[in-house]
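Let's take a walk through a protein model together, one stop at a time. Keep the picture open while you read, and try to find each place as it comes up.

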Amino acid sequence: MSRTHEPDAPVNGPEWPIWPPPATDEQRQALLRVLDSGRWGATGGTVTEDFAAAFAARVGAAHGVCTVNGTVALFLALRALGVGHGDEVIVPAYTFVASATAVVLAGAVPVVADVREETLHLDPRAVRGLIGPRTKAVMPVHLGGAPAETEALRGLGPAVVEDAAQAHGAARHGRPAGALGDAACFSFQSGKAMTAGEGGIVVTDDRGTYERLWALHNVGRSLDGGWYEHPELGWNLRMTEFQAALLHPQLELLDGWNDRRARGAATLAAALDEVPGLDLIPPPPGTTRHTWHLAMLRYDPRAFGGHTKPAFLTAMAAEGVPLDAGYRSLTRMPYIRSAAPCPVAETAEDTVVWVRQPMLMADDAALQTIARAALTVQRDFGR
Ligand SMILES: *Cc1c(COP(=O)(O)O)cnc(C)c1O
């Protein structure tokens, strides 16, 4: 692996927090307990099963199945809800590519819908226009840690699979992300709010869906069947006990981490009030808990002497503020066929920049340097 997603180290400016934070004593002990037990796989121990139950309860669902990563969690959820060859799944154009590639993994076709101008979240109006006879599921993405407008998608017919990879602990109208669709998928990859380096989980309230998820991720076995009985088609997509040992103690830390990022986002928003042409993109109305995986900012080149976003990012990095360029529209991926134009997502490529979650955990003084650096860049660009 030669490339990480971390921007280059700043040449000056504050030291930004690293993620994940140092392991706690509880995590070390939990890891050592698994190591010494000799039961390293989830079929031998109970650490993964216990974590799955605890995590599901935390996000308002009855059942959870841990798996190797978030992409595979999405694959499992789609398959468990009956998505397969020839089916279509509607996904937003502005998201991580895995939202769409998981659909392909399930044998189905991703149909890309545009996002809302104000929030960059999946636009329910675009979804309604794309539903056809083959549409089996819709995948709202809780972009940046704010839940998508799921209630506008339920009852349309297709199953609703939450891509909650960025939204551990988020809520919409008081309901947790994890309880807003037919199934919800979280990622525990290194950059996510809870992490074991890699990992994922699917949660659901439905017992039948849970049993199918369990079979699919455990080589087609059934919950009460034998080791070499495989009544369903399935694969080994299980998490290890080590991952679950690292993750379980994080359930106690999650609220504190989310609070800290929310404070950071508030500090950032206040500081950006002083910077014309650089605005925090608001979460969808109805967001009651935002986990601030990303703070997305709208960059208006006109306020910066007409300089492009890449020029702005380079200048900010030189000021010690490494921002992120964010996603390209899924309509740009050569293997994804566009059913409809997605002008909002495509415009976002040129106008949206991100402050990533570890930066939002910095202290107020550091966060205020983001706005100060932007003002400096603005002045330099104006000359
Ligand atoms: C991280 C992420 C995924 C994929 O999770 P992995 O664990 O990296 O496979 C899917 N969707 C979104 C929106 C993500 O941010």
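In which loop is histidine 173 found? Look between E6 and E7: histidine 173 is in the loop there. Before going further, keep in mind that this is a predicted model. Now check the backbone at that spot. Most residues other than glycine have a negative phi, and most peptide bonds are trans. Histidine 173 isn't a glycine, yet it has a positive phi of about 45°. Is its side of the story buried or exposed? With 54% relative accessibility, histidine 173 counts as exposed, because the cut-off for that word is over 50%.

If you want to see how the two line up, find alanine 171, which stands opposite arginine 289 in E11.

Tryptophan 292 is found in the loop between E11 and E12, and its phi is near 50°, positive even though the residue is not glycine. Tryptophan 292 has a relative accessible area of 11%, so it is buried, whereas histidine 173 is exposed.

Next comes strand E12 (residues 294-299), which pairs with E13 in the antiparallel sense over five bridges. How many of the five residues of strand E13 (residues 352-356) are buried? Five of them are, which leaves the strand mostly covered. Both faces of E13 are covered: Val352, Trp354 and Arg356 are buried on one side, and Val353 and Val355 on the other.

Now for a helix. Nine of the eleven residues of helix H3 (residues 70-80) are buried, so the rest of the structure largely encloses it. The buried ones are Gly70, Val72, Ala73, Leu74, Phe75, Leu76, Ala77, Leu78 and Ala80. At the start of H3, a side-chain oxygen of asparagine 69 comes to within 3.1 Å of the backbone nitrogen of threonine 71. After H3 comes glycine 82, with a positive phi near 95°.

H3 also takes you to the ligand. Both H3 and helix H4 (98-105) supply at least two residues each to the shell around the ligand. In total, 15 residues surround the ligand, and the closest are Gly70, Thr71, Asp163, Ser187 and Lys192. By class, that shell has four nonpolar, nine polar and two charged residues. Zoom in and you can pick out some contacts. A polar backbone atom of glycine 70 is 2.7 Å from an oxygen atom of the ligand. A ligand nitrogen atom is 2.7 Å from an N or O atom in the side chain of aspartate 163. How much of the ligand's accessible area does the protein cover? On its own the ligand has 380 Å² of accessible area, and the protein covers 92% of that.

A few stops remain. The structure holds zero disulfides. Cysteine 66 is in none, and the nearest cysteine sulfur, that of cysteine 185, is 12 Å away. Cysteine 66 counts as buried at 4% relative accessibility, and cysteine 342 is buried too, at 1%.

Histidine 121 is in the loop between strand E3 (109-113) and helix H5 (124-130). Histidine 121 has a relative accessible area of 2%, so it is buried. A polar atom of its side chain lies 2.7 Å from the backbone oxygen of alanine 146.

Last, go to the segment before helix H1 (25-37), where you'll find proline 20. The peptide bond from tryptophan 19 to proline 20 is cis, with omega near -5°.

Note on methods. Residues are numbered from 1 along each chain as its sequence is written. This is a predicted model: local features need pLDDT of at least 70, side-chain atom pairs count only at pLDDT 80 or more; totals for chains, interfaces and linings use all residues. Side-chain values use heavy atoms; hydrogens and water are left out. Buried means under 20% relative accessible area, exposed over 50%, partly exposed in between (1.4 Å probe, protein chains only). Helices (H or I, at least four residues) and strands (E, at least two) are DSSP runs, numbered from the N terminus. A polar contact is a pair of N or O atoms within 3.5 Å; within protein, one must be able to donate a hydrogen and the other to accept it, and residues adjacent in sequence count only if both atoms are side-chain atoms. A disulfide is a pair of cysteine sulfur atoms within 2.5 Å. A residue is near a molecule or strand if one of its heavy atoms lies within 4 Å of it. Accessible areas come from the Shrake-Rupley method with a 1.4 Å probe; for residues, only the protein chains shown count as cover. Ala, Val, Leu, Ile, Met, Phe, Trp, Tyr, Cys and Pro count as nonpolar, Asp, Glu, Lys and Arg as charged, and the others, Gly among them, as polar. Two strands pair if DSSP finds at least two bridges between them.
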